[in-house]
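Subject: Structure handover

Hello,

Here is the structure I said I would pass on. My notes on it follow below.

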Amino acid sequence: MRDVAGARLTTDDLTRRIEGWRGESVVVAREPETDTWMFIALHDTRMGPAVGGTRMKTYSTLGDGLLDALRLAEGMTYKWAGVGIPFGGGKAVLATRETLTGDRRHRVLERYGRLLGSLRGAFRTGVDLGTTPEDMKVVSDAAPYVMGILHGHSTDPGPFTALGVLAGIRAALQSRFGTDSLEGRSVLIQGVGDVGQPLAEMLADAGARLVMCDTDEDTAGAWADRLGGTVVAPADMAGADVDIYAPCAVGATVNPETVPLLRCHIVAGSANNQLATSEDADRLHERGILYAPDYIINAGGAIAFGRMQLGVTEGQQLRSEVEAIGDTLAEVFEEAAAAKESPVHAAQRRAERFLATRESGSA
């Protein structure tokens, strides 16, 4: 096997990335014409079939793509358990050599759809970073295991995820300041994409002052102009003086280098794996920065698609269930405050309690 850059990926490389991962299995396949490698990681199926998004991305090495799939699949286990929905944790990564368009992209998606179909429902998927509702329609033509397909069309989970983040931000404000009002509060949105855009609109409607940050500075500027916000460069993001930092793109932006620089009161956004290490949660807590655990606050799209899979399609009911993320986080914040610890620990206990009840058959 060769990595994406062309060097050989050895068995030792693969072993090193899987060591310490507590998952169940990894399915690997390749689309030869584009040299795209496919990793489907199934972390924990005690609650039900594994469900998670499909990410398409160019990685420095194939090992990095595999590692992304492993970490994200584990995060999905805790996401489902944290919000009490009976699915297992899984994730798919399509590791490409280049950005794929046209027939080449279609070929990869068709091949991936056949791989998904071969699992016969053990893994079900939807949109993630680098894939679109249109991509999922192609995949669903090959396998009936794509979530969010209604009346032959794929639904975009981004607005549902943004709605859940908004509810989580309000819960964090209530916990930190005693009021959930966004009027006059400053929010830095890192990543003005499928979730960042609808979140920005919701926050602006609620009276928040927006600071936009994106690697595409033209996109950040256009949305700042549209919503009356300002722009900060990615290099200056960590030191921005704001009430709330909302990471909505890549993970690990909260890390040992950035935590000492943060000038916010709350970290609450949609990105997966926002913390580079588990210790970063405690570093935030020591600085008095309230952290909304990512796998709970960003579960809105998963909740909506999960409920669709279970037969709920009425819009207001879906919205109400997504907005209940705020109630869940309020309980997490309260438990963490009583224990004088980071909310990450309370959220993990909550998820593990749910997993234990499912395993014992008492729920």
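Asp 141 and Lys 137 sit 4 residues apart in helix α4, which puts about one helical turn between them. Helices here are DSSP runs of H or I with at least four residues, strands are E runs of at least two, and both are numbered from the N terminus. The two side chains form a salt bridge at 2.8 Å, N to O; the term means a side-chain nitrogen of Lys or Arg within 4 Å of a carboxyl oxygen of Asp or Glu. Asp 141 counts as exposed because its relative accessibility is 58%, while Lys 137, at 29%, counts as partly exposed. The cut-offs are under 20% relative accessible area for buried, over 50% for exposed, and partly exposed in between, using a 1.4 Å probe and protein chains only.

Please note that this is a predicted model, in which local features need pLDDT of at least 70 and side-chain atom pairs count only at pLDDT 80 or more, whereas totals for chains, interfaces and linings use all residues. Residues are numbered from 1 along each chain as its sequence is written, and side-chain values use heavy atoms, with hydrogens and water left out.

By the rule above there are 21 salt bridges. One of them joins Lys 91 to Asp 128, with the closest N and O atoms 2.8 Å apart. Lys 91 is in strand β4 and Asp 128 in the loop between β5 and α4, 37 residues apart. Both residues are buried. Arg 185 and Asp 243 form another, at 3.7 Å between the closest N and O atoms. Arg 185 is in the loop between α5 and β8 and Asp 243 in the loop between β10 and β11, so this pair ties together parts 58 residues apart in sequence. Asp 243 is buried, at 13% relative accessible area. Shared partners join Arg 55, Asp 68, Lys 91 and Asp 128 into one salt-bridge network.

Asp 214, in the loop between β9 and α7, is buried but has no salt bridge. Arg 226, the nearest side chain of opposite charge, is 13 Å away (Lys and Arg count as positive, Asp and Glu as negative; His and the chain ends are not counted). The Asp 214 side chain reaches the backbone nitrogens of Val 192 at 2.7 Å and of Asp 216 at 2.8 Å.

Lastly, helix α10 (residues 300-309) has 8 of its 10 residues buried, so the rest of the structure largely encloses it. Among the buried ones are Ile 303, Phe 305 and Met 308.

Regards

Note on methods: A polar contact is a pair of N or O atoms within 3.5 Å; within protein, one must be able to donate a hydrogen and the other to accept it, and residues adjacent in sequence count only if both atoms are side-chain atoms.
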